[in-house]
Structure formats: structure tokens, C-alpha cells
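Work through the exercises below with the sequence and the 3D structure at hand. Try each task before reading its solution.

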Amino acid sequence: MYKWLDERLDLQRLNSKLFRKAFPVHHTFFLGEITLFAFVVLVLTGVFLTLNYEPSIREVTTPDGQKLPAAYASILYIDSLPFGAVIRSLHHWSAHIMIAAAFLHMIRIHLSGAYKKPRELNWLVGIGLLVLAIVTAFTGYALPFDNYAITATKIGYEIGAAAPWVGGLLVNILFAGEFSNTNTQMIPRLFSVHVLWLPLTLIALIGLHLLIMVKQKHTQPKYAERVSPGKILGVPALPSQGIMAGILFLVYVAVTTLVAGLFLAHPVQAYGPPTANTPAVKPDWYFLWIYGILQMIPSNWKFELLGATFGPQFWGGIFVPTLIILGAAAIPFIDAQPHKQRYLELPSQHPGRTSFVIAIVMFYIMATLAGYKIDLELPNALLWVLVLFVPILTGVVAYVILRAFYGKAPQEPQVGGLQGSAADD
């Protein structure tokens, strides 16, 4: 059978060109693989959930005689199945892990300078993947159709509607009309976007991301520059890297299943189906920093221009996130270099870049803290100081410490002469 396939598909050439490629080994590289593992688990658990979920708000009668929306009753039915609640919880936590791992993966790339030439395109693809993963998670918010889910989704609806000139069109496309508990098309629309269009787009971008990585070669750990300069140092993709990845995937599934069983996610019974009452809810951690900024912005920050209204939802929910995304996309073009980046740069030797990353992370932490403004009774003036000045102060202190302990950053080695050598093959 192998000979028959080899004659038609040239498996030997495929093995030598792809499966025998050297794969560098470094513990931080597994952040990208964990992101991929989380997505695989999301797809597998999502198939189970889809087969047992009805994307409708029509009224149904449960076996115990309750009249409930079909979407909400579907979640109760899933939870009643053997391991149904655990699988739904595993889907929930894997979404959190995927976003967290992707975020940490991007930070690792930023700290190590791995976004530089020739990897600018893959950096942009990575930003798109992170943003798309967050959007995909948001579209799944409303599907349980309980009081919590509807309230949290409405916050996102109001932010989307605040987009100047095109906000109404965007939310009409995503929510199939006005946001309402009685909008019969809203849940089917969000369901199709969540389980079909966004996952397909994610699969395409993940494939493109991996294809570019294989084509351009993986960045090398710093020690490879001393051990084998100009050459790729690592283990074969198959079987060595494949075995390590397989073991890590099994460990991931085991640990996340344990977490899902111990901490069942989103108990819909505690909130009940949608009512006129609005529960005190907060978005998940990856949206909480935006929610915190919205809490800080005064309601009178509003003006109109050419028929569009620029209000608090625009400034906190659209302007600031868009500014951050565009700033991240510009990084490899601002910090550009003429030669190819082959080796990871040590964060300690680049104090400016490292302190900037630390300041950005502190900004997210302070903005997240602002999300607890009401709970902690924090004054608005204090929150502005925390969000604006604490990150700057933290970055300055980090820069001073790095310069004091590690001195001036060394000059980058000129490796442009290696182009066309075996390292490019």
C-alpha cells in the first residue's frame, strides 16, 4: 500500500521536504502549540454541542412541564446528558485558554524580536488570529440564552452600534436586526457565525500561519547562534517533534478536562431565561479591560460629526482597541532591519522594547482593575491615574533596572551574508 501511494504521491519527497525538517526546541515555542490544541478541543467539543443545541427562541415544553426558549432548554438538556456539563465546561475553558495562550504567544514573539524580517506577514496574521478568536468567543456569549448571556451580549451590541456611520449596518449583519429577546433571527444568526463562518476563517488563518512558518523556517533559540551559526538546529518534525506535540496534547486534554469537571462553567440555572431584570454581570477577562475603560469615560464625552455620534462606547469600546491593534500591526515596520532575523533576541539585552511590553501589560491590568470600579468603590480620578500613569512609571522603572543590570544593548550580528546559504534552503 505504501509503495502504491508513494508512486502516485511521491511520499518520499514529502517526507524529506516537510516531515524531516528541523524543528527548534524551546519551552516558549509550545505556547503556539497550546493555542492550536485549544482550538482543536473547541472544534471537537463544539461538534457535540452543535448536535444537541437548537438555535431558536421558540417556546418548548420541557419534560418537567416548564415552558422555556428552545436555546435555553437545549443547554439544560446538554447538561443532563452523561458528561454533557463537563464537555460544555471544557468548551468554555478551552476558549479562555486559547485566547490566553495566543496573547502570551504574541508577547513572547514581541519580547524576542521574532516579528522582524522576514516574519512581518506572520505577525499580522497572528494579530488577526487573536482578534478573530476573541470575536468568535463573543458570538458564543448569547447562545445559552439565559439572563446573564443576553445582558453581557447587549454590552457588545451597544459598542458595535457606536461605530460611526457603519455601526447600524454591522450590528444588523451580526444580530439580524435590533437587539431584543424577541428577535427570532438573532440566535440563529449568531449561531451560524459562531459555529461556521468564524471557525472556517480561523482554520484558514491557522493554516496560512503554519504554512508561512514552515516556508520561512522557525526562529532559533539564542544558544543555536553559538552552537551552530547559520544552520537550523532542532529535531525532525516527525517523529521527534510529533511525539512531543502528541504528548503535550494529551496532557492538555487531561488537565483541562479535570479543570472543566471541577469548575463547571456558566450554570444557566442560576440565571434563568431572559427577563426584564438585569443581573449584575461583568464580561470575561479578555473583555474586562474594555469594560473598565467604559466605566472610566464620563457620559458627557460625546459630540456629533457628519451625522455620526462619538460617545463613550466609541471611545472606550472602539477607538482604544483599534488604536492598540493598529499599533501592534505597525511594530515590525517601526522596528525594521535590513537583514533576516534568525535568532531569538534576549529581552534583557533590549531594555526599550522589554520595558514597553511591561508597560502595555500593566495598562491591561490597570484597565481590568477599573472594571471593578463599582465593586471596589474606586473614584474615577484614581482610575485615570492608575490607567495612564502607572503603566508609564512601570515601564520607566523596568527600563532603568534593565539598563543598570545589563548595560547597553549589544549590536545585532550582521548575518545578511548568509542569504543564499544552507540556512535558507
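The crossing of α12 and α14 is left-handed, where left-handed means that the near helix is turned anticlockwise from the far one by less than a right angle, and right-handed that it is turned clockwise. The model is a predicted one, in which local features need pLDDT of at least 70 and side-chain atom pairs count only at pLDDT 80 or more, while totals for chains, interfaces and linings use all residues. Residues are numbered from 1 along each chain as its sequence is written, and side-chain values use heavy atoms, with hydrogens and water left out. Helices are DSSP runs (H or I, at least four residues), as are strands (E, at least two), numbered from the N terminus.

**Exercise 1.** Describe how α12 and α14 pack, and name the residues in contact.

*Solution.* 
Step 1. Two packed helices are described by the angle between their axes and the distance between the axes.
Step 2. For α12 (residues 285-296) and α14 (residues 351-370), the angle is about 60 degrees and the axes are 6 Å apart. Axes are lines fitted to C-alpha atoms, for helices over the stretch in contact, and angles run from 0 to 180 degrees between N-to-C directions.
Step 3. The two helices are therefore oblique to each other. The classes are roughly parallel (under 35 degrees), roughly antiparallel (over 145), roughly perpendicular (65 to 115) and oblique (the rest).
Step 4. The contact (heavy atoms within 4.5 Å) is made by Leu288, Trp289, Gly292, Ile293, Gln295 and Met296 of α12 and by Phe363, Tyr364, Ala367, Thr368 and Ala370 of α14.
Step 5. Nonpolar covers Ala, Val, Leu, Ile, Met, Phe, Trp, Tyr, Cys and Pro; charged covers Asp, Glu, Lys and Arg; the others, Gly among them, are polar.

**Exercise 2.** Classify the packing of α5 and α6 by angle.

*Solution.* 
Step 1. The axes of α5 (residues 84-112) and α6 (residues 120-139) cross at roughly 160 degrees and come within 10 Å.
Step 2. That angle makes α5 roughly antiparallel to α6.
Step 3. The crossing of α5 and α6 is left-handed.
Step 4. Residues that meet include Met98, Ile99 and Phe103 in α5 and Trp123, Ile127 and Leu130 in α6.
Step 5. This contact has twelve nonpolar, two polar and no charged residues.
Step 6. In the loop between α5 and α6 lies Pro118. A cis peptide bond joins Lys117 to Pro118, with omega about 10 degrees.

**Exercise 3.** Is Thr45 buried or exposed, and which residues does Thr45 contact?

*Solution.* 
Step 1. Thr45 is in helix α3.
Step 2. Its relative accessibility is 7%, so Thr45 is buried. Buried means under 20% relative accessible area, exposed over 50% and partly exposed in between (1.4 Å probe, protein chains only).
Step 3. A polar atom of the Thr45 side chain lies 2.7 Å from the backbone oxygen of Val41.
Step 4. Neighbours within four places in sequence aside, Thr45 is in contact with Ile87, Leu90 and His91.

How values were computed: A polar contact is a pair of N or O atoms within 3.5 Å; within protein, one must be able to donate a hydrogen and the other to accept it, and residues adjacent in sequence count only if both atoms are side-chain atoms.
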